[in-house]
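Keep the 3D view open while reading.

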Amino acid sequence: MSPRRSYDQYCSAARALDLVGDRWTLLIVRELLAGPRRYTDLHADLPGVSTDVLASRLKDMERDGLTTRRRLPPPGAAYVYELTTRGRALLPVLQALGAWGQAELGERRPTDAVRAHWFALPLLRGLDGEGVVEVRLEEGVFHLHVGAEEGPLYGDGPAPGAADALLVMDAATCEAVARGELGLPDAVRDGRVTVSGDGALAKALREA
């Protein structure tokens with residue numbers, strides 16, 4: 001394992017960047033906020049990363065106390081990576097970085113990769129309360145665990161069990177929300193997002 005590079009500056013921002021400033025590290029955190037992930041799943045949802053770089057980053061993150069690796073019991077028998085409490089504490093950092101970067105999104109370029117769950121963090125910024133929200137987009141379906149303090153914040157596919165709210169929207173609407181051009185309550189009022197469900201989250205969105 002290569003030694004960790006350091007800025008050698010007595011500054012908390014510099015120390016933080018010693019750990020998470022390398023390319024791909026924070027995007028790995030973004031993926032692991034969905035809960036434990038296998039290496040192959042991480043590689044599939046981080047288009048552009050090489051296998052060597054991904055393996056190196058995961059080793060560095062484990063060494064630095066941001067992730068752990070464990071073996072699933074049979075019949076899975078595969079290794080998964082998951083965030084530690086220290087790694088999960090990067091959520092507000094990612095949310096702040098995402099909010100700051102909204103202005104850089106612009107229109108989607110033909111070369112841009114996209115995964116439905118990459119919209120999870122922007123949508124979570126627009127939701128208050130607690131509960132499970134299922135989101136259906138043209139790119140796919142994912143679910144959010146709004147207000148979760150432990151465990152996954154989102155996941156691919158339909159919500160496990162009954163969702164408190166179901167949101168259906170087209171790609172243009174979701175991208176506008178991600179860019180900060182359209183608030184989620186405004187999108188609901190404008191009829192660009194269909195909300196169904198009897199949970200408190202669904203009612204709050206319909207009444208906002």
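In what order do the five strands of the open sheet run? The order is β6-β5-β4-β7-β8, and the pairing is mixed. This is a predicted model. β6 (154–156) and β8 (193–196) stand at the edges. Each has a single partner strand, so one side of each is left without a neighbour in the sheet. From one strand to the next, the twist averages 20°.

Now look inside the sheet. Strand β4 covers residues 131–137, and strand β7 covers residues 165–169. These two strands pair in the parallel sense, over four bridges.

Step back to the whole chain. Its secondary structure comes to ten helices and eight strands. The radius of gyration is 18 Å, close to the 17 Å that the globule rule gives for 208 residues. The chain is therefore as compact as a globular protein of that length. Along the principal axes, the C-alpha trace spans about 55 × 45 × 35 Å.

Of the 208 residues, 42% count as buried. Among contacts with a separation of 6 or more, 54% come from residues 24 or more positions apart. The accessible surface of the chain comes to about 11,500 Å². Carbon and sulfur atoms account for 52% of that surface.

Next, the cysteines. A disulfide is a covalent bond between the sulfur atoms of two cysteines. The count in this model comes to zero disulfides. C174 is buried, because its relative accessible area is 1%, under the 20% cut-off. C11 has 34% relative accessibility, so it counts as partly exposed.

The backbone has some local features to check. P74 and P75 are joined by a cis peptide bond, with omega at about 10°. P75 lies in the loop between β2 (67–71) and β3 (79–83).

Two residues have a positive phi although neither is a glycine. For D8, phi is about 55°. D8 is found in the segment before α1 (12–20). Is D8 buried or exposed? At 67% relative accessibility, D8 counts as exposed, because the cut-off is over 50%.

For W24, phi is about 85°. W24 lies in the loop between α1 and α2 (25–32). W24 has 15% relative accessibility, so W24 counts as buried.

Key
Residues numbered from 1 in each chain as written. Predicted model: local features only at pLDDT ≥ 70, side-chain atom pairs only at ≥ 80, totals over all residues. Heavy atoms only, no water. Pairing = 2+ DSSP bridges. Axes fitted to C-alpha atoms, helices over the stretch in contact; angles between N-to-C directions. Rg over C-alpha atoms; globule rule 2.2 N^0.38 Å. Buried < 20%, exposed > 50% of the residue type's maximum accessible area, 1.4 Å probe, protein only. Contact = heavy atoms within 4.5 Å. Areas by Shrake-Rupley, 256 points an atom, 1.4 Å probe, with all protein chains shown as cover. Disulfide = S-S within 2.5 Å.
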